[in-house]
Amino acid sequence: MSQELAGFKDLKISEVSTQNKSSDEVVLKGKSGIPNQSMTKPITVDSNTGEVIVKKFTGKQRIRKGQSLEQYEEQLQHFYDVEKGPTVTPIGWLASNEKFQSSLDTLDLEVKHNRLLLMGFIHRWYYNRDYSLCLKACNEIQQKYKTIKYSEKKMKREIDELKYVMEKCSTFIKNGSN
């Protein structure tokens with residue numbers, strides 16, 4: 001232990017004096033030596049509308065659109081009365097096969113979020129190595145995709161991922177890895 005510390009006996013720690021530097025230089029350099037680490041507060045333009053001037057990453061300024069108190073109260077009322085507050089997801093909701101079937105039948109697949117929910121079921125079955133159930137679900141989703149109107153460009157990545165998972169599942173089933 002003393003041999004390891006012997007190399008450090010000549011080490012001297014010096015303090016950096018900020019007294020000779022202007023306050024701008026100290027703020028620009030910061031403690032880490034990386035420029036522009038100081039926090040900047042937004043500058044209020046109009047207190048009635050809530051508009052403020054903020055600096056973008058590039059250093060340019062922009063005016064952030066404000067929100068009136070009435071608009072805020074309206075959104076708050078909508079959140080609690082119409083949407084019934086935050087969505088609570090029960091533990092293990094992806095484990096149910098019945099949930100998948102009811103979701104497949106009831107959800108509007110033209111909405112991306114709904115399609116991703118269904119893909120969540122498929123990912124779970126795939127990684128739990130339940131390849132036959134995963135392949136069956138992929139086929140059902142693929143049939144459902146054929147019935148909705150969508151642009152090929154819009155859903156290309158999702159369709160490619162679905163085909164990839166189907167190929168992998170069928171390969172694992174053929175090899176007996178189930």
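This note goes through the predicted model point by point, from the overall fold to single helices, salt bridges and the surface.

1. Basis of the note. The model is predicted, and for that reason local features are taken up at pLDDT of at least 70 and side-chain atom pairs only at pLDDT 80 or more, whereas totals for chains, interfaces and linings use all residues. Residues are numbered from 1 along each chain as its sequence is written, and side-chain values use heavy atoms, with hydrogens and water left out.

2. Overall make-up. The chain has seven helices and three strands, where helices (H or I, at least four residues) and strands (E, at least two) are DSSP runs numbered from the N terminus. Read from the N terminus, the order of elements is α-α-β-β-β-α-α-α-α-α. Of the 178 residues in the chain, 19% are buried; buried stands for under 20% relative accessible area, exposed for over 50%, and partly exposed for what lies in between (1.4 Å probe, protein chains only). Among the contacts in the chain with a separation of 6 or more, 44% are between residues 24 or more positions apart, a contact being heavy atoms within 4.5 Å.

3. Helix 6. This helix covers residues 131-147, and its 17 residues reach 25 Å from the first C-alpha to the last, close to the 24 Å expected at 1.5 Å a residue, the expected span being 1.5 Å times one less than the number of residues. Its buried residues are Tyr131, Cys134, Leu135, Ala137, Cys138, Ile141 and Tyr145. Seen down the axis, the buried residues of helix 6 fall within an arc of 165 degrees, so they line one face of the helix; the arc is that of the directions from the helix axis to the C-beta atoms. The face turned away from this buried side carries the exposed residues Lys136, Lys146 and Thr147, while the buried residues of helix 6 pack against helix 4, helix 5 (112-127) and helix 7 (152-175).

4. Leu133. Also in helix 6, Leu133 counts as partly exposed at 21% relative accessibility. Leaving aside residues up to four places away in sequence, Leu133 touches Asn97 and Trp125. Leu133 and Asn97 are 36 residues apart in sequence, and their C-alpha atoms are 9.1 Å apart in space.

5. Helix 4. In helix 4, Phe100, Ser103 and Leu104 are buried. They cover an arc of only 100 degrees around the axis, which puts them on the same side of helix 4. An α-helix has 3.6 residues a turn, so residues three or four places apart point the same way. On the other side of helix 4, Glu98, Asp105 and Thr106 are exposed, and the buried residues of helix 4 pack against helix 5 and helix 6.

6. Ser103. Within helix 4, which runs over residues 97-106, Ser103 is buried with a relative accessible area of 15%. When residues up to four places away in sequence are not counted, Ser103 touches Leu118 and Phe121.

7. Salt bridges. The structure holds two salt bridges, each defined as a side-chain nitrogen of Lys or Arg within 4 Å of a carboxyl oxygen of Asp or Glu. One of them joins Glu158 and Arg115, with the closest N and O atoms 2.6 Å apart. This pair links distant parts of the chain, as Glu158 is in helix 7 and Arg115 is in helix 5, 43 residues apart. Glu158 is buried at 7% relative accessible area, and Arg115 counts as buried at 1%. Lys156 forms a salt bridge with Asp160, the closest N and O atoms being 3.0 Å apart. Lys156 and Asp160 are four residues apart in helix 7 and are therefore separated by about one helical turn. Lys156 is partly exposed at 44%, and Asp160 counts as partly exposed at 36%.

8. Helix 3 and the surface. Helix 3 (residues 69-82) includes Leu69, which counts as exposed at 59% relative accessibility. The 14 residues of helix 3 should span 20 Å at 1.5 Å a residue, which agrees with the 19 Å between its end C-alpha atoms. Just after helix 3, Lys84 takes a positive phi of about 60 degrees. Leu69, Tyr72, Leu76 and Tyr80 make a nonpolar surface patch of about 420 Å²; patches are made of residues with over 30% relative accessible area and no salt bridge, like charges being joined within 9 Å and nonpolar side chains (Val, Leu, Ile, Met, Phe, Trp, Tyr) within 5 Å. The chain exposes about 14900 Å², of which carbon and sulfur atoms supply 53%; accessible areas come from the Shrake-Rupley method with a 1.4 Å probe, and for residues only the protein chains shown count as cover.
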